[in-house]
Amino acid sequence: MPQLIEKDACDLLDADHVAVKHLFVEYARLATAGDPGGERQAYATKICSELTVHAQIEEEIFYPALRKAIDAPELLDEAEAEHQEAKDMIAQIEAMAGPDAAMDDLVAKLAAAIEHHVKEERTQLFPKARSAAGLDLDALGAQLRQRQQELEAEMAA
């Protein structure tokens with residue numbers, strides 16, 4: 001995910017959303033073009049790893065902070081359920097032998113699920129987070145960045 005210095009939690013998470021959207025678009029382009037260079041597998045792997053790290057930092061840091069700061073347990077429960085749905089699809093993609101029509105369909109399904117999740121975060125959770133009294137989004141952003149870097153380093157090792 002992109003390294004963003006001096007971004008609050010919502011901006012950091014939204015930058016992740018934009019970055020993964022670009023990966024989905026490139027995967028779809030390659031799938032449509034017949035992937036002459038054999039790059040689809042690399043994009044699928046990158047999508048899965050980026051989403052795995054993103055979901056983990058949200059679940060470990062962002063959602064617990066929101067649960068304490070805002071009164072919207074149903075929104076957070078839904079977000080966590082959407083994460084589980086994405087994790088299930090990620091596991092299926094990672095278990096596939098290689099890029100084929102079935103992987104293309106599953107990546108497209110994951111892209112649609114993520115697009116829905118991002119829309120809800122942008123329109124419902126982020127505004128509530130920004131207006132929550134006592135929630136330091138800058139400090140939360142720093143925590144998210146640090147944990148994101150730790151997880152990315154673990155995955156690269």
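Predicted model: local features only at pLDDT ≥ 70, side-chain atom pairs only at ≥ 80, totals over all residues.
Ile 114 is buried, with a relative accessible area of 11%. Ile 114 sits in helix α4. Setting aside neighbours within four places in sequence, Ile 114 touches Val 20, Phe 24, Leu 51 and Ala 86.

**Helix α4**

Helix α4 covers residues 101-131, 31 residues in total. From first C-alpha to last, α4 reaches 44 Å, close to the expected 45 Å. There is a kink, however. The bend is about 40° and is centred on Glu 121.

**Aromatic pairs**

The count of aromatic pairs is two. They are set out below.

| Pair | Centre to centre | Angle between planes | Arrangement |
|---|---|---|---|
| Phe 62 and Tyr 63 | 6.2 Å | 45° | tilted |
| Phe 62 and Phe 126 | 6.0 Å | 80° | edge-to-face |

The pair of Phe 62 and Phe 126 links distant parts of the chain. Phe 62 belongs to helix α2 (residues 40-69), Phe 126 belongs to helix α4, and 64 residues separate them. Phe 62, Tyr 63 and Phe 126 make up one aromatic cluster.

How accessible is Phe 62? Its relative accessibility is 0%, so Phe 62 counts as buried. Tyr 63 also has 0% relative accessibility and therefore counts as buried. Phe 126 is buried too.

**Nonpolar cores**

In soluble globular proteins, nonpolar side chains tend to be buried together. Here, the largest nonpolar core has 25 residues. Which residues have the most contacts inside this core? They are Phe 62, Leu 66, Leu 125, Leu 135, Leu 137, Leu 140 and Leu 144. Five helices each supply at least two residues of this core: α1 (9-33), α2, α3 (73-95), α4 and α5 (137-156). The largest share, seven residues, comes from α2.

Leu 135 shows some of the contacts in detail. Leaving out neighbours within four places in sequence, Leu 135 is in contact with Ala 65, Leu 66, Ala 69, Ala 129 and Leu 140.

Another core lies apart from the largest one and has 19 residues. Among them are Leu 23, Phe 24, Leu 110 and Ala 113. Phe 24 is also one of the contacts of Ile 114.

Technical notes:
Residues numbered from 1 in each chain as written. Heavy atoms only, no water. Helix = DSSP H or I, 4+ residues; strand = E, 2+ residues; numbered from the N terminus. Expected span 1.5 Å × (residues − 1). Bend = angle between axes of the 7 residues up to and from the residue. Buried < 20%, exposed > 50% of the residue type's maximum accessible area, 1.4 Å probe, protein only. Contact = heavy atoms within 4.5 Å. Phe/Tyr/Trp six-rings, centres within 6.5 Å; stacked < 30°, edge-to-face > 60°. Core = buried A, V, L, I, M, F, W, Y, C linked by side-chain atoms within 4.5 Å.
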